[in-house]
Amino acid sequence: MPDLKKVIGERIRSIRKDKGLTQETLAEKADIHYSYIGGVERGDRNISIETLEKIINALEILPVELFQFTTIDDDNKVLSKRMSIEGLNSILLSHSVDEINLIHRITKDIFNTLDSKED
């Protein structure tokens, strides 16, 4: 079983680089020392939940995104999907819960119909 500290550290490094941030910039945004970021990314640090939350906020991602591990081959597909989902999230945030639930039900129905046509 892989070392979770190393896997999470690698994921943080990957997201940081994708966003064009240096360790120093990320550390400044997270209000932690830049050498600590390096230790986290290498998997040398036993990071607390509070510090992990600071890093997630500084990276401007959802917590779940930190734990979405993919292979390098899938990175472009995942990035494209993530951008589309973020676009949908932006649209949905300006609507009521009832409207969002309606869109959710309609979307599920559309995908169920598409899936049944593939069979």
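Analyst: A salt bridge here is a side-chain nitrogen of Lys or Arg within 4 Å of a carboxyl oxygen of Asp or Glu. Keep in mind that this is a predicted model. Lys-29 and Glu-60 meet that definition, with their closest N and O atoms 3.5 Å apart.

User: Where do Lys-29 and Glu-60 sit in the chain?

Analyst: Lys-29 is in helix H2, residues 23-30, while Glu-60 is in the loop between helix H4 (49-59) and helix H5 (63-66), so the pair ties together parts that are 31 residues apart in sequence.

User: Is Lys-29 buried, partly exposed or exposed? And what about Glu-60?

Analyst: Lys-29 counts as partly exposed, at 43% relative accessibility. Glu-60 has 59%, and counts as exposed because the cut-off for that is over 50%.

User: What is the phi of Glu-60?

Analyst: The phi of Glu-60 is positive, about 55°, although the residue is not a glycine. Most residues other than glycine have a negative phi. Asp-31 also has a positive phi, near 60°. Asp-31 is in the loop between H2 and H3, and at 63% relative accessibility it counts as exposed.

User: Back to the charges. How many salt bridges does the structure hold?

Analyst: The structure holds 4 salt bridges. One of them joins Glu-41 to Arg-16, with the closest N and O atoms 2.6 Å apart. Glu-41 belongs to helix H3 (residues 34-42) and Arg-16 to helix H1 (residues 4-18), so this pair ties together parts that are 25 residues apart in sequence.

User: Are Glu-41 and Arg-16 buried or exposed?

Analyst: Glu-41 counts as buried, at 1% relative accessibility. Arg-16 counts as buried too, at 7%.

User: Which residues are joined into a network by salt bridges that share partners?

Analyst: Arg-13, Arg-16 and Glu-41 are joined into one network that way. There is also a salt bridge between the side chains of Asp-44 and Arg-42, at 2.9 Å from N to O. Arg-42 is partly exposed, with a relative accessible area of 46%.

User: OK, zooming out. How many helices and strands are there?

Analyst: The protein has 7 helices and 0 strands. Read from the N terminus, the elements run α-α-α-α-α-α-α.

User: And how much of the protein is buried?

Analyst: Of the 119 residues, 24% are buried. As for contacts between residues at least 6 apart in sequence, 54% of them join residues at least 24 apart.

User: Which residues have the most contacts inside the largest nonpolar core?

Analyst: Those are Ile-12, Leu-26, Ile-32, Ile-55, Leu-59 and Leu-66, in a core of 18 residues. H1, H2, H3 and H4 each supply at least two residues of this core. H4 gives the most, with 5 residues.

User: Let's take Ile-55. What is it in contact with, leaving aside its neighbours within four places in sequence?

Analyst: Ile-55 is in contact with Ile-12, Leu-26, Ala-30, Ile-32, Ile-37, Val-40 and Ile-47.

User: How far apart are Phe-67 and Ile-12?

Analyst: They are 55 residues apart in sequence, and 9.6 Å apart in space from C-alpha to C-alpha.

User: Last topic, pockets. What lines the second largest pocket?

Analyst: Its lining is made of Leu-88, Ile-91, Leu-92, Ile-100, Ile-103, His-104, Thr-107 and Phe-111. About 210 Å³ of space lies in this pocket.

User: Which helices supply at least two residues of that lining?

Analyst: Helix H6 (75-93) and helix H7 (97-118) each do. H7 provides the largest share of the lining, 5 residues.

User: And how do the lining residues divide into nonpolar, polar and charged?

Analyst: In the lining of the second largest pocket, 6 residues are nonpolar, 2 are polar and none are charged.

Methods. Residues numbered from 1 in each chain as written. Predicted model: local features only at pLDDT ≥ 70, side-chain atom pairs only at ≥ 80, totals over all residues. Heavy atoms only, no water. Helix = DSSP H or I, 4+ residues; strand = E, 2+ residues; numbered from the N terminus. Buried < 20%, exposed > 50% of the residue type's maximum accessible area, 1.4 Å probe, protein only. 1 Å grid on protein atoms, 1.4 Å probe; cavity = no way out; pocket = protein on both sides within 12 Å on 5 of 7 lines; lining within 4 Å. Points joined across faces, edges and corners; volume = space filled by probe spheres on them. Nonpolar A, V, L, I, M, F, W, Y, C, P; charged D, E, K, R; others polar. Core = buried A, V, L, I, M, F, W, Y, C linked by side-chain atoms within 4.5 Å. Contact = heavy atoms within 4.5 Å.
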